[in-house]
Amino acid sequence: MTNDKLHYTIPGLDEDAARTTIDLLQSRLHATNDLQLTLKHVHWNVVGPHFIAVHQMIDPQVDAVRAMADALAERIATLGGAPRGTPGALVEERTWNDYSIGRATTQEHLAALDVTYQGVIGSYREAIKALEELDVVTQDILIGQVEQLELFHWFVRAHLEDQGGQLQTSGESTEAGAARAAHD
(Lines give C-alpha, C1' and ligand atoms only; values in the text may rest on other atoms or scores of the structure.)
Protein backbone atom coordinates (compact mmCIF):
# COMPACT_ATOMS: atom_id res chain seq x y z
CA MET A 1 0.00 0.00 0.00
CA THR A 2 1.24 3.48 -0.85
CA ASN A 3 2.42 5.25 2.27
CA ASP A 4 4.72 7.73 0.56
CA LYS A 5 3.55 11.31 0.44
CA LEU A 6 2.33 12.22 -3.00
CA HIS A 7 3.78 15.59 -3.96
CA TYR A 8 1.45 15.77 -6.94
CA THR A 9 -0.85 13.69 -9.09
CA ILE A 10 -2.44 14.16 -12.47
CA PRO A 11 -5.10 16.83 -13.05
CA GLY A 12 -8.62 15.61 -12.38
CA LEU A 13 -7.58 12.79 -10.04
CA ASP A 14 -7.78 13.36 -6.30
CA GLU A 15 -5.08 12.04 -3.99
CA ASP A 16 -7.15 9.13 -2.61
CA ALA A 17 -8.00 7.91 -6.12
CA ALA A 18 -4.35 8.32 -7.12
CA ARG A 19 -3.17 6.28 -4.14
CA THR A 20 -5.63 3.48 -4.84
CA THR A 21 -4.68 3.49 -8.52
CA ILE A 22 -0.97 3.42 -7.64
CA ASP A 23 -1.56 0.43 -5.34
CA LEU A 24 -3.36 -1.43 -8.14
CA LEU A 25 -0.54 -0.59 -10.54
CA GLN A 26 2.10 -1.67 -8.05
CA SER A 27 0.49 -5.09 -7.68
CA ARG A 28 0.46 -5.44 -11.49
CA LEU A 29 4.11 -4.28 -11.60
CA HIS A 30 5.03 -7.05 -9.17
CA ALA A 31 3.03 -9.55 -11.24
CA THR A 32 4.71 -8.57 -14.52
CA ASN A 33 8.19 -8.52 -12.98
CA ASP A 34 7.54 -11.98 -11.56
CA LEU A 35 6.06 -13.22 -14.84
CA GLN A 36 9.00 -12.05 -16.96
CA LEU A 37 11.43 -13.82 -14.61
CA THR A 38 9.27 -16.95 -14.61
CA LEU A 39 9.07 -16.97 -18.39
CA LYS A 40 12.85 -16.63 -18.66
CA HIS A 41 13.24 -19.45 -16.11
CA VAL A 42 11.03 -21.64 -18.30
CA HIS A 43 13.03 -20.62 -21.38
CA TRP A 44 16.23 -21.85 -19.69
CA ASN A 45 14.79 -25.03 -18.13
CA VAL A 46 12.49 -26.50 -20.76
CA VAL A 47 13.53 -29.83 -22.33
CA GLY A 48 12.05 -32.45 -24.60
CA PRO A 49 11.07 -33.05 -28.20
CA HIS A 50 9.32 -29.66 -28.57
CA PHE A 51 12.14 -27.76 -26.90
CA ILE A 52 13.01 -25.37 -29.73
CA ALA A 53 9.40 -24.40 -30.47
CA VAL A 54 8.66 -23.56 -26.83
CA HIS A 55 12.10 -22.02 -26.24
CA GLN A 56 11.55 -19.64 -29.16
CA MET A 57 7.90 -18.95 -28.27
CA ILE A 58 8.84 -17.75 -24.78
CA ASP A 59 11.39 -15.01 -25.60
CA PRO A 60 8.94 -12.64 -27.33
CA GLN A 61 6.64 -13.06 -24.33
CA VAL A 62 9.51 -12.09 -22.00
CA ASP A 63 10.20 -8.96 -24.06
CA ALA A 64 6.54 -7.94 -24.15
CA VAL A 65 6.03 -8.50 -20.42
CA ARG A 66 9.18 -6.46 -19.68
CA ALA A 67 7.68 -3.62 -21.73
CA MET A 68 4.44 -3.98 -19.73
CA ALA A 69 6.36 -3.66 -16.46
CA ASP A 70 8.06 -0.50 -17.74
CA ALA A 71 4.72 1.03 -18.76
CA LEU A 72 3.24 0.24 -15.33
CA ALA A 73 6.21 1.76 -13.49
CA GLU A 74 6.04 4.90 -15.62
CA ARG A 75 2.29 5.24 -14.96
CA ILE A 76 2.95 4.99 -11.20
CA ALA A 77 5.49 7.81 -11.52
CA THR A 78 3.10 9.85 -13.68
CA LEU A 79 0.50 9.61 -10.91
CA GLY A 80 3.07 10.95 -8.41
CA GLY A 81 4.08 7.62 -6.89
CA ALA A 82 7.38 5.81 -6.63
CA PRO A 83 7.38 2.38 -8.32
CA ARG A 84 8.96 -0.41 -6.28
CA GLY A 85 10.81 -2.72 -8.61
CA THR A 86 13.32 -4.39 -6.34
CA PRO A 87 13.37 -8.16 -5.83
CA GLY A 88 12.88 -7.67 -2.09
CA ALA A 89 9.74 -5.58 -2.57
CA LEU A 90 8.38 -8.14 -5.03
CA VAL A 91 8.93 -11.08 -2.68
CA GLU A 92 7.66 -9.19 0.37
CA GLU A 93 4.51 -7.82 -1.25
CA ARG A 94 3.39 -10.55 -3.66
CA THR A 95 0.33 -12.62 -2.82
CA TRP A 96 1.32 -15.77 -4.73
CA ASN A 97 3.93 -18.48 -4.37
CA ASP A 98 7.14 -18.69 -6.35
CA TYR A 99 7.08 -20.71 -9.58
CA SER A 100 7.66 -24.29 -8.50
CA ILE A 101 8.87 -26.17 -11.60
CA GLY A 102 12.60 -26.61 -12.34
CA ARG A 103 14.06 -28.48 -15.29
CA ALA A 104 11.08 -30.20 -16.94
CA THR A 105 9.52 -31.17 -20.24
CA THR A 106 7.83 -28.69 -22.51
CA GLN A 107 4.41 -30.06 -21.58
CA GLU A 108 5.07 -29.83 -17.86
CA HIS A 109 6.26 -26.21 -18.12
CA LEU A 110 3.43 -25.22 -20.42
CA ALA A 111 0.93 -26.77 -18.03
CA ALA A 112 2.44 -24.83 -15.13
CA LEU A 113 2.44 -21.65 -17.24
CA ASP A 114 -1.25 -22.21 -17.95
CA VAL A 115 -1.93 -21.93 -14.21
CA THR A 116 0.45 -18.97 -13.91
CA TYR A 117 -1.27 -17.08 -16.72
CA GLN A 118 -4.68 -17.83 -15.21
CA GLY A 119 -3.59 -16.13 -11.99
CA VAL A 120 -2.02 -13.11 -13.67
CA ILE A 121 -4.93 -12.57 -16.05
CA GLY A 122 -7.52 -13.03 -13.30
CA SER A 123 -5.83 -10.42 -11.11
CA TYR A 124 -5.54 -8.04 -14.07
CA ARG A 125 -9.27 -8.36 -14.69
CA GLU A 126 -9.99 -7.59 -11.02
CA ALA A 127 -7.81 -4.46 -11.25
CA ILE A 128 -9.55 -3.41 -14.48
CA LYS A 129 -12.92 -3.67 -12.75
CA ALA A 130 -11.68 -1.63 -9.76
CA LEU A 131 -10.34 1.09 -12.07
CA GLU A 132 -13.73 1.59 -13.73
CA GLU A 133 -14.62 4.41 -11.33
CA LEU A 134 -11.06 5.50 -10.41
CA ASP A 135 -9.09 6.18 -13.56
CA VAL A 136 -10.14 5.09 -17.03
CA VAL A 137 -6.76 6.07 -18.53
CA THR A 138 -4.98 3.57 -16.27
CA GLN A 139 -7.77 1.08 -16.92
CA ASP A 140 -7.11 1.41 -20.66
CA ILE A 141 -3.42 0.61 -20.12
CA LEU A 142 -4.34 -2.57 -18.24
CA ILE A 143 -6.93 -3.55 -20.85
CA GLY A 144 -4.26 -3.38 -23.57
CA GLN A 145 -1.87 -5.43 -21.48
CA VAL A 146 -4.39 -8.11 -20.56
CA GLU A 147 -5.25 -8.48 -24.24
CA GLN A 148 -1.59 -9.39 -24.91
CA LEU A 149 -1.44 -11.67 -21.87
CA GLU A 150 -4.56 -13.51 -23.02
CA LEU A 151 -2.98 -14.02 -26.44
CA PHE A 152 0.17 -15.47 -24.83
CA HIS A 153 -2.04 -17.68 -22.66
CA TRP A 154 -3.74 -18.98 -25.80
CA PHE A 155 -0.31 -19.78 -27.31
CA VAL A 156 0.48 -21.84 -24.20
CA ARG A 157 -2.91 -23.55 -24.10
CA ALA A 158 -2.75 -24.51 -27.78
CA HIS A 159 0.05 -26.93 -26.80
CA LEU A 160 -2.10 -28.45 -24.05
CA GLU A 161 -5.27 -29.19 -26.03
CA ASP A 162 -6.23 -32.58 -27.33
CA GLN A 163 -7.98 -33.05 -30.67
CA GLY A 164 -11.34 -32.49 -29.01
CA GLY A 165 -10.26 -29.13 -27.58
CA GLN A 166 -9.95 -30.38 -24.01
CA LEU A 167 -7.03 -29.13 -21.92
CA GLN A 168 -4.77 -31.77 -20.38
CA THR A 169 -4.72 -29.62 -17.27
CA SER A 170 -8.46 -29.13 -16.89
CA GLY A 171 -9.38 -28.75 -13.24
CA GLU A 172 -5.81 -28.27 -11.99
CA SER A 173 -5.21 -25.20 -9.85
CA THR A 174 -1.53 -25.53 -8.96
CA GLU A 175 1.55 -25.49 -11.14
CA ALA A 176 2.73 -28.82 -9.77
CA GLY A 177 -0.68 -30.43 -10.28
CA ALA A 178 -0.92 -29.11 -13.82
CA ALA A 179 2.62 -30.30 -14.60
CA ARG A 180 1.76 -33.79 -13.29
CA ALA A 181 -1.43 -33.88 -15.37
CA ALA A 182 0.49 -32.93 -18.51
CA HIS A 183 3.22 -35.46 -17.77
CA ASP A 184 0.83 -38.41 -17.35
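Student: Which residues lie nearest the centre of the largest pocket?
Tutor: Arg94, Thr95, Trp96, Asn97 and Gly119 do, out of 27 lining residues. On a 1 Å grid over the protein atoms alone, a pocket is an open set of points where a 1.4 Å probe fits, with protein on both sides within 12 Å along at least five of seven lines; lining residues have an atom within 4 Å of a point. This is a predicted model: local features need pLDDT of at least 70, side-chain atom pairs need 80 or more, and totals for chains, interfaces and linings use all residues. Numbering starts from 1 along each chain as its sequence is written, and side-chain values use heavy atoms, without hydrogens or water.

Student: Which elements give two or more residues to that lining?
Tutor: Helix H1 (15–45) and H4 do. H1 gives the most, with nine residues. Helices here are DSSP runs (H or I, at least four residues), numbered from the N terminus.

Student: How much space lies in the largest pocket?
Tutor: About 590 Å³.

Student: And what is the lining by class?
Tutor: Seven nonpolar, 12 polar and eight charged residues. Ala, Val, Leu, Ile, Met, Phe, Trp, Tyr, Cys and Pro count as nonpolar, Asp, Glu, Lys and Arg as charged, and the others, Gly among them, as polar.

Student: What volume has the second largest pocket?
Tutor: About 180 Å³. Its lining includes Asn33, Asp34, Leu37, Pro87 and Arg94. H1 and helix H3 (87–93) each give two or more residues. H1 gives the most, with five.

Student: Switching topic. At what angle do H4 and H5 pack?
Tutor: About 160 degrees, with the axes 9 Å apart. H4 covers residues 106–131 and H5 covers 136–158. So H4 is roughly antiparallel to H5, a label for angles over 145 degrees. Axes are lines fitted to C-alpha atoms over the stretch in contact, and angles run from 0 to 180 degrees between N-to-C directions.

Student: Left-handed or right-handed crossing of H4 and H5?
Tutor: Left-handed: the near helix is turned anticlockwise from the far one by less than a right angle. The contact of H4 with H5 has 16 nonpolar, five polar and four charged residues.

Student: Last one. How many aromatic pairs does a search of the whole structure find?
Tutor: Two. One of them joins phenylalanine 152 and phenylalanine 155, 6.3 Å centre to centre, with 50 degrees between the planes. That pair is tilted. Rings pair if their centres lie within 6.5 Å; planes under 30 degrees apart count as stacked, over 60 as edge-to-face and the rest as tilted.

Student: Why are phenylalanine 152 and phenylalanine 155 separated by about one helical turn?
Tutor: Because they are three residues apart in helix H5.

How values were computed:
Parallel < 35°, antiparallel > 145°, perpendicular 65-115°, else oblique. Points joined across faces, edges and corners; volume = space filled by probe spheres on them. Phe/Tyr/Trp six-rings, centres within 6.5 Å; stacked < 30°, edge-to-face > 60°.
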